[in-house]
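Subject: Structure for your review

Hello,

I am handing over the structure below. My notes on selected parts follow it.

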Amino acid sequence: MTTTEHSPAGTSITPLRRARERFLSGRPLPEDVPEEVVASWRRARFFGVPHDLQKGTAGPLRPTGAALLGTARPVLERIAPALGNGRCVLLLTDERPRVLWSAGSAAGPEQWADLSERTVGPNSAALALRSRRRAEVHGPEHFLDRWQDVSAVSVPVTAPETGQALGTVTVVSPLWSGAGPHPGAALAEAAAAAVEAELLAGARRTERVLLDAYLRSAQGRGVAVAVLDGRNRLVSAAAERMLSPQALDALERTAIAVRQKGVPVDPDLPAEAGCTARITPVRHEGAAVGVVAVVEPLDGAVASPPRRSVALIGSSVPWRHATGQAVALARVPEPLLLTGERGTGKTALARELLGERSARVADAAQDSELGPALAELAAGRPLLLRHAERLAQSGVAALNSLLDKHPDARLLMTYTPGAPAGPCLQRLLDTLAARSVTLPALRERPEDIRDLLPVLAPRPAPGQPPLTWTLDALRALERYPWPGNVTELAHVVRALAEDRRASGPVHRAELPDPVREGPAARPLSPMEHAERTTILEALRRHGGNKARTAAALGIGRATLYRKLRGYRG
């Protein structure tokens, strides 16, 4: 089992076969068994996978899988003859992973419709999707008896616009015991690259059709029109002034529905949108690829641009990548996991992704059992679950069970990494790993601070100017590491806006001491951080006079100088 260029299977097949037999019989394992192999066997046993499983099943094909199959099938049918007359199989799976298409014949994974680890145990398709790299699994590295003489190599297929994993191309063969890569690795790599190239070409053709539709519809000054396909937006200036983020999300959901059904669908705009939209499908080669929405104000409505949501503020590459990935994943009605440090904006982004949907919000920090919330989730109501790391084990078990029965449940979950996750919670995180987004910390995107400040500041009183900042203050804000991330920045901005009596821009001297002085030259322990904050506050109270500061703190001047030098490195 490997995601590297060379498989270890060639030198360890027989000992690994004996180790698997010992694992199944409950006997102690040799010390030289690779840890990742043992972990995969344990996951299979935890999921309740029978090692003597004969055949699995899967549910109906989803629209995303059907779209991948439609693009990939002609490519793979041209490549399949390269398998030759050997007992090899070429497979296409979706991101779950379920088998969409196969060619060739072998007693391998193609006989199973569902290749998820919770159904059949470890396999190359599931490993490739989890690692986002080429993966190989050989013989006894599998958990199932029927795959002990099978080797497989899988390469993930990703969407050209978002980088989202759409599925895998997999080559299955009789057991390979050589020391190099699987002999089908090059074929799988070439097939995946060819499918991705076709996806990119199709996306570009569709984008050209949408652009032409936009240019035709937007002729004339002041025309409010938006062209959308669920991934791309072309919005005229007039439409941008009239449409709130929630209204645009509603139009995107309409575009997705039109693409799936092929007929016009009435948009479900928010009640406070103040406008209506006339929907016309955009067609290419007989299929609906998007919509043109002509926006018109309601009688008596005055269009005013809404305040931008902090959840989408930021132009840095890490933030744009994370939010773009989250928006793309949220368009598919399946669970979505948002992870990141505390205060990075996970809940705000989740609320933005839900839009105007009537979602249930549950906080595991306040209710770790989640009984009523999970009942509504099973009934089809979206659920925003905050602080999943605080869930009780019974709540995690109930959520795992629900997702087993309802894999398409509309769940948005936020998780802050910290203490090691227990086996139940780790299983939940593994289940959602393929549909997870990690939000960057604020220190990783300091260039976004200037965009965030106007949004975080309270609205000024009538006749008062908005809060502004000197260049020196902005530089101090950008240098500070913000351990509390956007939440900490928001507290600082609001406190300054509410408490300051001076007029004009905020100066560096008005910032809290740790922010004004900048980060320490070395990482500090929690006690050192608290001590440094106390010293800086005392220095500020005494006008920078170190003698009076030392006396107020009850320490000698030499001690004060030594501590300050230590903090500065």
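In helix H10, the buried residues are Lys346, Thr347, Leu349, Ala350, Glu352, Leu353 and Leu354. Please keep in mind that this is a predicted model.

Helix H10 covers residues 346-354, and seven of its nine residues are buried, so the helix is largely enclosed by the rest of the structure.

The next item is a helix pair. Helix H14 (residues 449-456) packs with helix H16 (residues 485-499) at an angle of about 55 degrees, and their axes are 10 Å apart. The two helices are therefore oblique to each other. The crossing in which H14 passes H16 is right-handed. On the H14 side, the contact is made by Ile449, Leu452, Leu453 and Leu456. These meet Val486, Leu489, Ala490, Val493 and Arg494 in H16. Sorted by class, the contact of H14 with H16 has eight nonpolar residues, one charged residue and no polar ones. As background to the spacing of such contacts, an α-helix has 3.6 residues a turn, so residues three or four places apart point the same way.

The last item is a sheet. Five strands make up an open sheet with antiparallel pairing, and their order is S2-S1-S5-S4-S3. Which strands lie at the edges? They are S2 and S3 (135-138), each of which pairs on one side only. From one strand to the next, the twist averages 15 degrees.

At one end of that order, strand S1 (residues 89-94) runs antiparallel to strand S2 (residues 99-104), and five bridges join them. S1 and S2 form a hairpin, with four residues between the two strands. Within this pairing, threonine 93 is found opposite valine 99 of S2.

Strand S3 is joined by four bridges to strand S4 (residues 150-158), again in an antiparallel arrangement. Here alanine 135 stands opposite serine 154, which belongs to S4. For reading side-chain directions here, in a regular strand the side chains alternate between the two faces of the sheet.

Regards

How values were computed: Residues numbered from 1 in each chain as written. Predicted model: local features only at pLDDT ≥ 70, side-chain atom pairs only at ≥ 80, totals over all residues. Heavy atoms only, no water. Pairing = 2+ DSSP bridges. Axes fitted to C-alpha atoms, helices over the stretch in contact; angles between N-to-C directions. Parallel < 35°, antiparallel > 145°, perpendicular 65-115°, else oblique. Left-handed = near helix turned anticlockwise from the far one by under 90°. Contact = heavy atoms within 4.5 Å. Nonpolar A, V, L, I, M, F, W, Y, C, P; charged D, E, K, R; others polar. Buried < 20%, exposed > 50% of the residue type's maximum accessible area, 1.4 Å probe, protein only.
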